[in-house]
Amino acid sequence: MALAAVLASSLVACGFNRGKEPPPPLGETFGAEDTYSRSYPVAPAAACEAARRALLGQGYVIGKATVDTLEAIKSFQPESDVHTQLNVRATCVPKSGGGSIVFVNAVQDLYSLKTTTKSASVGLSVLGSVSLPIGTSGANLVRVASNTVQNKDFYSRFFQRVKFYLPSTEDVGQPVLPPEPETPPDPVPPAPAIMPPAHEAERDADGGN
């Protein structure tokens, strides 16, 4: 009876430990849902051409296009000092038994405006070289975030437009699809604060002197 009790306790402990397996990194599960791919009854070259037309029709700039790959860019400015760039990549591969599969991936890059103040070095006989601000400034866009778009509706609309431009259906009277939203597909997080250069921080701590 004591041995049976020990075995039962071990089985319960094993079951408890299995229930607490660590989750996959960032929720990545490699599930079976086809968020990033669709099959079409045409050759890969025709599918990629339909993808190219779908992107051109929504204001994307084609950066690279071959018979089986495609890259395109679209820019958004949700705020005055925030710039978002959407990079879409599509790959068209043959499908066994005929047709093709189109894989698409979109990466959303977030840029923030960074202002810098120029300084000039002044040579003094006693103090040596001292950097002083000369009053001019410049602004540059700095990438502060990047993420793969997870919005399933975004990919679903893209694949619907690809189907619309397929050779077999392009000339058929189909309903006009609604226009794309004017905002990036994924919510834009607040731009993180960018720390000023060390000499500016020291100047602010000294009261601007």
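**Exercise 1. Determine how the length of α2 compares with the span expected for a helix, and which of its residues are buried.**

Step 1. In this predicted model, α2 consists of 13 residues and spans 18 Å from its first C-alpha to its last, which is close to the 18 Å expected at 1.5 Å a residue.

Step 2. The buried residues of α2 are Pro-44, Ala-47, Cys-48, Ala-50, Ala-51, Ala-54 and Leu-55.

Step 3. Viewed down the axis of α2, these buried residues fall within an arc of 155°, and therefore they line one face of the helix.

**Exercise 2. Describe how α2 packs against α3, giving the geometry and the residues that meet.**

Step 1. Two packed helices are described by the angle between their axes and by the distance between the axes.

Step 2. For α2 and α3 the angle is about 115°, and the axes lie 8 Å apart.

Step 3. The crossing in which α2 passes α3 is right-handed.

Step 4. On the α2 side the residues are Ala-47, Ala-50, Ala-51, Ala-54 and Leu-55, and they meet Phe-158, Arg-161 and Val-162 of α3.

**Exercise 3. Identify the residues that touch the most other members of the largest nonpolar core, and the elements that supply this core.**

Step 1. The largest nonpolar core has 26 residues, among which Leu-86, Val-88 and Phe-154 touch the most other members.

Step 2. At least two residues of this core come from each of α2, β3 (69-79), β4 (82-94), β5 (100-124) and α3 (152-164), and the largest share, six residues, is supplied by α2.

Step 3. When residues up to four places away in sequence are not counted, Leu-86 touches a set of residues that includes Tyr-60, Ala-72, Ile-73, Phe-76, Val-149, Phe-154 and Pro-185.

Step 4. As background, nonpolar side chains in soluble globular proteins tend to be buried together.

**Exercise 4. Decide whether the loop residues Gln-58 and Thr-35 are buried or exposed, and place each of them in the chain.**

Step 1. Gln-58 is found in the loop between α2 (44-56) and β2 (61-65), while Thr-35 is found in the loop between α1 (2-18) and β1 (37-40).

Step 2. A residue is buried when its relative accessible area is under 20%; Gln-58, with 17%, is therefore buried, and Thr-35, at 12% relative accessibility, counts as buried as well.

Step 3. Leaving aside neighbours within four places in sequence, Thr-35 is in contact with Lys-152, Tyr-155 and Phe-159.

Step 4. Gln-58 and Lys-74 are separated by 16 residues in sequence, and their C-alpha atoms are 8.9 Å apart in space.

Note on methods
Residues numbered from 1 in each chain as written. Predicted model: local features only at pLDDT ≥ 70, side-chain atom pairs only at ≥ 80, totals over all residues. Heavy atoms only, no water. Helix = DSSP H or I, 4+ residues; strand = E, 2+ residues; numbered from the N terminus. Buried < 20%, exposed > 50% of the residue type's maximum accessible area, 1.4 Å probe, protein only. Contact = heavy atoms within 4.5 Å. Core = buried A, V, L, I, M, F, W, Y, C linked by side-chain atoms within 4.5 Å. Expected span 1.5 Å × (residues − 1). Arc of directions from axis to C-beta. Axes fitted to C-alpha atoms, helices over the stretch in contact; angles between N-to-C directions. Left-handed = near helix turned anticlockwise from the far one by under 90°.
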